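User: I'm new to this one. Can you walk me through it?

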Amino acid sequence: MTPANREPSHTAELRAAARSLGRRRFLTVTGAAAALAFSVNLPAAGAASAAGLDPARLTADPFTLGIASGDPLPDSVLLWTRLAPAPYQPDGGLPAQRVPVSWELALDERFRRVVRRGTATAHPEFQHTVHVEVGHLAPGHVYYYRFRSGRFTSPVGRTRTAPAHGSRTAGLTFGLVSCQRYDQGYFTAYKHLAEDDVDLVFHLGDYLYEYAVSPVGGSRAYPSGTLPTLFNHETVTLEDYRLRYALYKSDPDLRAAHAAHPFVVTWDDHETENNYADDVSETEGPTDEFLLRRAAAYRAYWENMPLRRPQLPDGPDLKLYRRLHWGRLAQFDVLDTRQYRSNQAYGDGWQYSGPESEDPKRTLTGDAQERWLINGWRRSDALWNVVPQQVTFSQRHNSTAVPSKVSMDSWDGYPASRERVLAGARAAGVENLMVLTGDVHVHYGFDIKRDFSDPDSRTLGTEIVTSSVTSGGNGSAKPSNWNTLMAANPHLRFFNGLRGYATVSLGRKLARADFKTVSRVTTQGAPLTTAASFVTEVGDQGLKPA
């Protein structure tokens, strides 16, 4: 069926809960919250829990979707896997029974020096995903991990802990990725990233896309019928989103990147629906229907990402913003610019700024997250304050005309929100600010100006925007609007429209950004090229060619 005539199969209890709550009341109405929890089926305890399955009865490899780790702390890592012998089936090829999964963490990849081991439960209510928070580890160490169930052993993953709190860490290198639409190309960038020498990877959103994927995989042009037709409609229900994660995680290059490096993830819009804003859908349809969809999308996101227990959603609410540290070298304030934002002004898209978009009450982060960010800066003792987030932060005019249109979906559509954040950074004494961005399917390098209308005003920090892994197809090194954007935005230091990823190396004297590209994604095997490299110095912000 097409998205237009396909009836979402949300349960009656969940629909009733949404209708009774209106705007974001799932946490405050006990009866409705209980109905919601029942509808999305949280694991029960004791005699009410699902029956157990003897893993010896597994007859096919359950680790088809790989392994992952994430959110490294000085004394802890999060390990993830999902059991799915038949990943393209709604049940993953397993009955609705609990399955024990053993895990090991070692100092060497041959597991001769195992430092932690244990057993976790793959609950059917969580689609047999496993999240293991391994504690009591040494800071600043590399570890190797694996899972076992029955006679099957997962691939070996490599992860690491963060340096000790307060330690004077010399350096850190991380990767940046975003926007990996499956049906628009191969994940070749991930193949290269898996082989790159980085400490961790930030995923800045659009891990999956809600759009239909044809049986030939779109631009991947598989033989007819390679993929089942159950992917050939837009994701709406919990089953839809779970299956779409199974499709994406079946890609060998994505699995290789997850196995090679710990990930720190945040979402953008397509993990739920294009350009949604808080509880407002793209089409501005009924709120209760959209909150049902959002609850399904958020649940599937947590299940399939290497996230800790505090990020477990409660209905359509998931607190994704969080803070990580890398000794005293860097503080990372990971933002969520979707869940709490005001609706896009002037109907979204590229529009002229005006009273609606410039309303000081409008917010991209929500009040609580904005206060959390600024208060965190006030307490920060890090040399670099880094903000991984979703949409373009710096001013971006799309023409040299005055006035020029700007994107209502980006921070340009919320200028008062941006100014409050920058004022908070200045008041907190943040000297080395870096914003990390995805979303726009191109590489950008921006200087963040005190006054974007004055090229000579103080540079407050830098913004590194990574291109997409596949979204938008092959792209080009110099898109048709290259000359216009470079002329219209003097603070834009770099622009490239090929697919790829970026790496950033933070040091005690400077940071280096490398923009890496692949020549094509519609066929496999493209080589990796470093298109450009820039540095920004501690105490003297601004991108300069390396």
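**Contacts and cores**

Analyst: Start with Tyr190. Leaving out residues up to four places away in sequence, Tyr190 touches Val177, Gln180, His203, Asp253, Leu254, Ala257, Phe263 and Val469. Contact means heavy atoms within 4.5 Å. The model is predicted: local features need pLDDT of at least 70, side-chain atom pairs count only at pLDDT 80 or more, and totals for chains, interfaces and linings use all residues. Residues are numbered from 1 along each chain as its sequence is written, and side-chain values use heavy atoms, with hydrogens and water left out.

User: Which residues touch the most other members of the largest nonpolar core?

Analyst: Tyr182, Tyr190 and Tyr301, out of 45 residues in that core. A nonpolar core is a set of buried Ala, Val, Leu, Ile, Met, Phe, Trp, Tyr and Cys residues joined through side-chain atoms within 4.5 Å. Buried means under 20% relative accessible area, exposed over 50%, partly exposed in between (1.4 Å probe, protein chains only).

User: Where does the largest share of this core come from?

Analyst: From H6, with seven residues. Helices (H or I, at least four residues) and strands (E, at least two) are DSSP runs, numbered from the N terminus.

User: Switching to helix pairs. At roughly how many degrees do H4 and H6 cross?

Analyst: Roughly 35 degrees, for helix H4 (residues 238-249) and helix H6 (residues 287-304). Their axes come within 8 Å. Axes are lines fitted to C-alpha atoms, for helices over the stretch in contact, and angles run from 0 to 180 degrees between N-to-C directions.

User: Which H4 residues meet H6?

Analyst: Leu238, Tyr241, Arg242, Tyr245 and Lys249. Among their partners in H6 are Arg293, Ala296 and Tyr301.

User: And H7 with H8, how do their axes lie?

Analyst: The axes of helix H7 (residues 367-379) and helix H8 (residues 415-427) come within 9 Å and cross at roughly 20 degrees. The two are therefore roughly parallel. Angles under 35 degrees count as roughly parallel, over 145 as roughly antiparallel, 65 to 115 as roughly perpendicular and the rest as oblique. Glu370, Leu373, Ile374 and Trp377 in H7 meet H8 residues including Arg420 and Val421.

User: Now the backbone. Which peptide bond is cis?

Analyst: The one from Val402 to Pro403, with omega near 0 degrees. Pro403 sits in the loop between strand S15 (384-388) and strand S16 (406-407).

User: What about Asp278, buried or exposed?

Analyst: Buried, at 4% relative accessible area. Asp278 has a positive phi of about 55 degrees, though not a glycine.

User: And Ala221, buried or exposed?

Analyst: Exposed, at 57%. Phi of Ala221 is also positive, near 55 degrees.
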